[in-house]
Amino acid sequence: MDRARDFVVSTPFVTLALLFVNVFVHIAVFLFTIDISPFTFSPYFVVYEYQYYRIFTSAFLHGGILHIAMNMMSLVAMGGLLEPTYGSLRFLWMTWASIFLTAFCYIFFAWLSSVLMQDTSYMNSNSIGYSGVLFSYTAIESFHASSPYRSVFGLFSVPTKIYPIILLIVIQVKFLYPSFSVTVSCFVCN
């Protein structure tokens, strides 16, 4: 119980509040078997059906226990760095701005893909999770970091200012080529 109290006391207020909201929503969805499809982020429904609430609701939904666990560990780590540095109100503002920016980027790239590929399914895709906000936190933290280089999974170092972009590329390669993650895992373990 002391560890839980220490965690609550040492975690900045807005970070802790965001953690509790995410976990509460996830538990409620699980316990009451709520259909989350009307709350996911879908460019089509946001742009053409004017369901703007999806921008916010989708950020607080997660696809499973591993999804929310990884996102919340990242939230606590990044929030623990950013909130004391910028203050609680500015950190909260950065969070809401990140949700909007992530949604705008998602809509833009879905629309662009639909036009270039002549396939409207890109606008009908759905997404959930806090990962876009976490990427924004990483970009903000990297831009203001004092160290000139960052390690990418212990494999190689890159300039800190471009670290978020390199991280994004590596993560995308991992999802496009699942065997890549096995190779990286084996390389890091050995």
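H6 passes H7 in a right-handed crossing, where right-handed means that the near helix is turned clockwise from the far one by less than a right angle, and left-handed that it is turned anticlockwise. Helices here are DSSP runs of H or I with at least four residues, numbered from the N terminus. This is a predicted model, in which local features need pLDDT of at least 70 and side-chain atom pairs count only at pLDDT 80 or more, while totals for chains, interfaces and linings use all residues. Residues are numbered from 1 along each chain as its sequence is written, and side-chain values use heavy atoms, with hydrogens and water left out.

The axes of helix H6 (residues 88-117) and H7 cross at roughly 120 degrees and come within 9 Å. Axes are lines fitted to C-alpha atoms, for helices over the stretch in contact, and angles run from 0 to 180 degrees between N-to-C directions. The angle makes H6 oblique to H7; oblique is what remains after roughly parallel (under 35 degrees), roughly antiparallel (over 145) and roughly perpendicular (65 to 115). On the H6 side, the contact (heavy atoms within 4.5 Å) is made by Phe91, Met94, Thr95, Ser98, Ile99 and Thr102. On the H7 side stand Gly132, Val133, Ser136, Tyr137 and Ile140.

Helix H7 (residues 131-143) also packs with helix H5 (residues 65-86), at an angle of about 35 degrees and with the axes 10 Å apart. The crossing of H5 and H7 is left-handed. Among the residues that meet are Asn71, Leu75 and Met78 in H5, and Leu134, Tyr137 and Ile140 in H7.

What lies inside? The largest nonpolar core has 24 residues. Such a core is a set of buried Ala, Val, Leu, Ile, Met, Phe, Trp, Tyr and Cys residues joined through side-chain atoms within 4.5 Å; buried means under 20% relative accessible area, exposed over 50%, and partly exposed in between, with a 1.4 Å probe and protein chains only. Helix H2 (13-31), H5, H6 and H7 each give two or more residues to this core, and H5 gives the most, with 6. Leu18, Leu75, Phe91, Tyr130 and Tyr137 have the most contacts inside the core. Leaving aside neighbours within four places in sequence, tyrosine 130 touches residues including Leu18, Leu75, Thr95 and Tyr137.

Cysteine 105 is placed in helix H6. With a relative accessible area of 31%, cysteine 105 is partly exposed. The C-alpha atoms of cysteine 105 and alanine 28 are separated by 29 Å, and the two residues are 77 residues apart along the chain.
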